[in-house]
There are 2 protein chains.
Amino acid sequence: MPLSEFDLIRKYFQKPFKDYPDVRYGIGDDAAVVTVPSGMELALSMDTLVAGIHFTNRTAPEDIGYKALAVNLSDMAAMGAEPRWVTMSLTLPENDPAAWLERFMTGFSLLAKKYSVSLIGGDLSRGPLSITLQIHGWLPAGTAITRGGSKPDDLIYVSGTLGDAGLALKLLSDQLSIPDKYRAFVLDRLNRPGPRIDLGLALRHIATSAIDISDGLIADLGHILDASHAGALLNPDKLPLSDAMRHADVADEEKWEIAVTSGDDYELCFTIPPDKKTGFEKKQISDCPITCIGKIIREQEMRWVRTDGSGYTPRGSGYKHF
Amino acid sequence: MPLSEFDLIRKYFQKPFKDYPDVRYGIGDDAAVVTVPSGMELALSMDTLVAGIHFTNRTAPEDIGYKALAVNLSDMAAMGAEPRWVTMSLTLPENDPAAWLERFMTGFSLLAKKYSVSLIGGDLSRGPLSITLQIHGWLPAGTAITRGGSKPDDLIYVSGTLGDAGLALKLLSDQLSIPDKYRAFVLDRLNRPGPRIDLGLALRHIATSAIDISDGLIADLGHILDASHAGALLNPDKLPLSDAMRHADVADEEKWEIAVTSGDDYELCFTIPPDKKTGFEKKQISDCPITCIGKIIREQEMRWVRTDGSGYTPRGSGYKHF
């Protein structure tokens, strides 16, 4: 006999999570009740993954569970918030979803444990497969890093390497090839993006703006420029590319194109004032390379100039915000 | 040309809502940032409505918008929390959803304004129609009304009248008839349930348990009994029935059956200690009749006894929790 809704909730959602002292009531009442420490503000963000849009029927349930939480954690990183609790609404087509849930929650729990995030509530419905998560985190009052604070001459940084998730999608649809030894790396970058929580916390009081790159650098840096009423001068030679990208069988310009227009990387793009550059670059942020790719300019445009002074014009049109 | 995602968000989600001082950042960044006053705890609850499951393609978008928020507000009422902010993830099939959104947000905003609730974030995706809302409210630390606090001899109350939404569903599927003059009333009860926020606030420090009736009295009172490790002695003659229900062309037992097993009423069921009865019943709670329908007993069962001492056994099987 299939497990009842209440049995499923108990087994997969309630039992695996620790009782943290900031959770007065978790799953099992009309609402969860939590405590926000005095002096802290609450940051919250909601994201939905829909089958056929955000993942395919070939995506492993473990990866869907991992990524659903990762993209939400990434929003906390972009605000400089410490993630605490998550709520989840699952809409499932199966009559007996226990096997799917078992695998989905394996991926989800792996990341939840890593960041001590607890699942405190949600909803379970019958219907087309879709997952909505809301992440909640806290930060000292007034320290949230928004998109709107960058000023001319601020340096523009990105974390990690860009375009690997887009590279994976092109690989999966046979649009290009890479040496076999890089295949696992790029698929992992697509299916299990690592939220840059530690970097986000380190950026408090330093970054003037930040965003996570979910729609591609051009689109997301575009949001920063839009909100800051500014533009950017960028050098494509500085774009951080992975070894996998460097070894893809396409021209350099095509690699840049993937790096600046494809989404799903969940790296951070952020700006810091020039006088904070040295101090910031000395900080050790575990396992997180950062690269300066340009600077903020007053003119409200995005200008690309190579190290040798020649120009570059991305073909991609993700950037439409002014 | 259809409006872009960002235009839709600005027009329908961002502009219509006031900037309350407890919202530092609303829609438009990686996360919303809000303040919870010192001494308050945060209550939060998430609910999803799926097309074809929770509403039909004949349900007016205005009613879907109204009800999506109403069912979430109802969870705040059941905890004794004051609703403050809502986040919403919409998955929409249409290429150009502006007309649908205009109508949906009309219903949503009507209720949001009534309770000074502000829309602070969310997500917009393409896919099968579904709406996930999370409501956030606050309450003085330690005053949340849970399901687990009822004790033997506590009196069991319900607000409003029971079964009207179920009556509407039976009416729509031609399973019974009622005089025409009650038709608008019962459809309104199904499509625009009124969350019992004022009652929930009045129950702080008085009620030992509370729940909102979304799955029917038997199922939801069952959750209270389950969490409180107790049972209930109930009198079907005391069930509050609307004039519409009283005039339906079915036998009394069938009316009780609808009243105790059909969901979607969003009335509150709650318990109060006998010594608080007089004081509580003297309180004026605007536009919200309450009725005592029985009491909590030690034996973990649900027993129905009529005023004349005869028994009644509901046929419905919503109640499965022990």
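In strand E11 of chain B, Ile297(B) is the bridge partner of Gly231(B). That bridge belongs to the pairing of strand E9 (residues 231-234) of chain B with E11(B), antiparallel over four bridges. Two strands count as paired here if DSSP finds at least two bridges between them. Strands (E, at least two residues) and helices (H or I, at least four) are DSSP runs, numbered from the N terminus.

This is a predicted model: local features need pLDDT of at least 70, side-chain atom pairs count only at pLDDT 80 or more, and totals for chains, interfaces and linings use all residues. Residues are numbered from 1 along each chain as its sequence is written, and chains are lettered from A and ligands numbered from 1 in the order in which they are written.

Back to E11(B), residues 290-297: this strand also pairs with strand E7 (residues 155-159) of chain B, in the antiparallel sense over five bridges. There, Tyr157(B) has Cys292(B) as its bridge partner.

Next, the sheet that draws on both chains. Six strands make an open, mixed sheet, in the order E1(A)-E2(A)-E3(B)-E6(B)-E4(B)-E5(B). Strand E1 (23-25) of chain A and strand E5 (118-126) of chain B are at the edges with a single partner strand each, so one side of each has no neighbour in the sheet. On average, neighbouring strands of this sheet are turned by 20° against each other, direction ignored. Axes are lines fitted to C-alpha atoms, for helices over the stretch in contact, and angles run from 0 to 180 degrees between N-to-C directions.

Where do the chains join in this sheet? Strand E2 (residues 32-34) of chain A pairs with strand E3 (residues 40-50) of chain B, antiparallel, over three bridges. One of the bridge pairs is Ala32(A) with Leu44(B). Helix H2 (residues 61-79) of chain B packs on the sheet and touches E3, strand E4 (82-92) and strand E6 (130-140) of chain B. The direction of H2(B) makes about 30° with that of E6(B).

Now the interface totals. In contact with 44 residues of chain A are 44 residues of chain B; contact means C-beta atoms, placed from the backbone, within 7 Å. E3(B) gives the most to the side of chain B that touches chain A, with nine residues. By class, that side has 19 nonpolar, 15 polar and ten charged residues. Nonpolar covers Ala, Val, Leu, Ile, Met, Phe, Trp, Tyr, Cys and Pro; charged covers Asp, Glu, Lys and Arg; the others, Gly among them, are polar.

Methods: Two residues are in contact if their C-beta atoms, placed from the backbone, lie within 7 Å.
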